[in-house]
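Please look over the following protein chain and work through a few questions about how its parts are arranged.

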Amino acid sequence: MINDKTYFTKQKTKGRPQLVLNDEGKRTIEKLATLMCTDEEIAYMLDSSVSTLQAKHNFETFQEYKKRGQSKGKASLRRWQFKCAEKGNASLLIWLGKQYLGQTDKKSEIQTWQGEEDNDN
């Protein structure tokens, strides 16, 4: 799908040939996973199906490159969050404090005075 490249190599077997991810397919999966694409979106971009990507001859490779890409994507997102926080984005500073420093919102207890009823009526 992307630039009319071939992402699979046909591997001869008894019966129907298997489509096995090649190096270009692996790189593309990693790039798409960096953008947090779903399995369905990745399959569409490779002009394939999710079942082809998850077939036993592709499963481990697909999972490895997807995880690698997602990790890179998360690191990039975290880097951008810290850059925004450094510029003084208060909501990001609060969120990062909660995530990494164990900070929490403290609920304050408001005590109300409940005096005796006035029965002079």
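Q: Leaving aside its neighbours within four places in sequence, which residues is Asn-58 in contact with?
A: In this predicted model, Asn-58 lies in the loop between α3 (50-53) and α4 (59-86). Once the neighbours within four places in sequence are left aside, the residues in contact with Asn-58 are Phe-8, Leu-19, Val-20, Leu-21, Thr-52 and Leu-53.

Q: Which backbone atom does the side chain of Asn-58 reach?
A: Leu-21 is one of the residues in contact with Asn-58. The side chain of Asn-58 comes to 3.0 Å from an atom of this residue, namely the backbone nitrogen of Leu-21.

Q: Does Asn-58 count as buried or exposed, and why?
A: A residue is called buried when its relative accessible area is under 20%. The relative accessibility of Asn-58 is 1%, and therefore Asn-58 counts as buried.

Q: What distance separates the C-alpha atoms of Thr-34 and Lys-74?
A: Along the chain, Thr-34 and Lys-74 are 40 residues apart. In the model, the separation of their C-alpha atoms is 7.6 Å.

Q: Are α4 and α5 parallel, antiparallel, perpendicular or oblique to each other?
A: The axes of α4 and helix α5 (residues 90-100) are 9 Å apart, and the two helices pack at an angle of about 125°. Roughly perpendicular covers 65 to 115 degrees, and roughly antiparallel begins over 145. The two helices, α4 and α5, are therefore oblique.

Q: Is the crossing of α4 and α5 left-handed or right-handed, and how many nonpolar residues does their contact have?
A: Where α4 passes α5, the crossing is left-handed. The contact is made on the α4 side by Arg-78, Gln-81, Phe-82, Cys-84 and Ala-85, and on the α5 side by Leu-92, Leu-93, Trp-95, Leu-96 and Tyr-100. Sorted by class, this contact has 1 charged and 1 polar residue, and the number of nonpolar residues is 8.

Q: In what order do the elements of the protein chain run from the N terminus on?
A: The secondary structure of the protein chain comprises 2 strands and 5 helices. From the N terminus on, the order of these elements is β-β-α-α-α-α-α.

Definitions and conventions: Residues are numbered from 1 along each chain as its sequence is written. This is a predicted model: local features need pLDDT of at least 70, side-chain atom pairs count only at pLDDT 80 or more; totals for chains, interfaces and linings use all residues. Side-chain values use heavy atoms; hydrogens and water are left out. Helices (H or I, at least four residues) and strands (E, at least two) are DSSP runs, numbered from the N terminus. Buried means under 20% relative accessible area, exposed over 50%, partly exposed in between (1.4 Å probe, protein chains only). A polar contact is a pair of N or O atoms within 3.5 Å; within protein, one must be able to donate a hydrogen and the other to accept it, and residues adjacent in sequence count only if both atoms are side-chain atoms. Contact means heavy atoms within 4.5 Å. Axes are lines fitted to C-alpha atoms, for helices over the stretch in contact, and angles run from 0 to 180 degrees between N-to-C directions. Angles under 35 degrees count as roughly parallel, over 145 as roughly antiparallel, 65 to 115 as roughly perpendicular and the rest as oblique. A crossing is left-handed if the near helix is turned anticlockwise from the far one by less than a right angle, and right-handed if clockwise. Ala, Val, Leu, Ile, Met, Phe, Trp, Tyr, Cys and Pro count as nonpolar, Asp, Glu, Lys and Arg as charged, and the others, Gly among them, as polar.
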